[in-house]
Amino acid sequence: MQIRQFLEDDRIPVINLWKECNLIFPQNDPQRDIDRKQDNDPDLFLVGIMDNEIIASVMGGYEGHRGWAYYLAVKPTLQTNGYGRKIMDELERRLLAKGCPKLNLMVRTGNVSVIEFYNSLGFLQDDVVCLGKRLIRD
C-alpha cells in the first residue's frame, strides 16, 4: 500500500470507503467534513492506495497542543493485514514532524474490536470524559 495526501479526485472513493466501514452517522456530513479538513492541515489527511484503489484513509489534525485522528478506515475485506497500522504510523510520523507531543482519538464505546485494535497500536484509555457541543447544526 502506498500512502499519500488526499486529493480532490479521492473525495467520492473516500466517502464510499467510509460508508463501507460504517463511519458515517446522521450527524456527520462527509462532504462538509472533507471541505473543512481541506482548510486545516490538509497534509494530515491521508489515503492508502493499492492497485489504483483507495483502500484506507485517516484524517489527522493538530492544533498545537494535541494531535487527533478521525475517519481511520480500511476496506473491510483487507482489514487485519496491517494497513491500518501502516497509515496510522505515517500520521504519527507527520505529527511528530510538527512537534506534536500526543495523539488522541475517540472510539464509540460499543466498538470493542476497534478499541482492541488501537490498544494493539499502543493507545491506552485515558481517564477522561469526552464532552461535545455542536456549534453548527447541519
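This is a predicted model: local features need pLDDT of at least 70, side-chain atom pairs count only at pLDDT 80 or more; totals for chains, interfaces and linings use all residues.
I call a residue buried when its relative accessible area is under 20%, exposed when over 50%, and partly exposed in between, using a 1.4 Å probe and protein chains only.

Numbering starts from 1 along each chain as its sequence is written, and side-chain values use heavy atoms, without hydrogens and water.

**Cysteines.** I looked up Cys 21 and found it buried, at 17% relative accessible area. Cys 130 is exposed, at 53%. I then searched the whole structure for disulfides (cysteine sulfur atoms within 2.5 Å of each other). There are zero.

**Fold.** I counted four helices and five strands. These are DSSP runs: H or I of at least four residues for helices, E of at least two for strands, numbered from the N terminus. Along the sequence I read β-α-α-β-β-β-α-β-α.

**Extent.** The C-alpha trace spans about 40 × 35 × 35 Å along its principal axes.

Of the 138 residues, 36% are buried. Next I checked contacts (heavy atoms within 4.5 Å). Among those with a separation of 6 or more, 62% join residues 24 or more positions apart.
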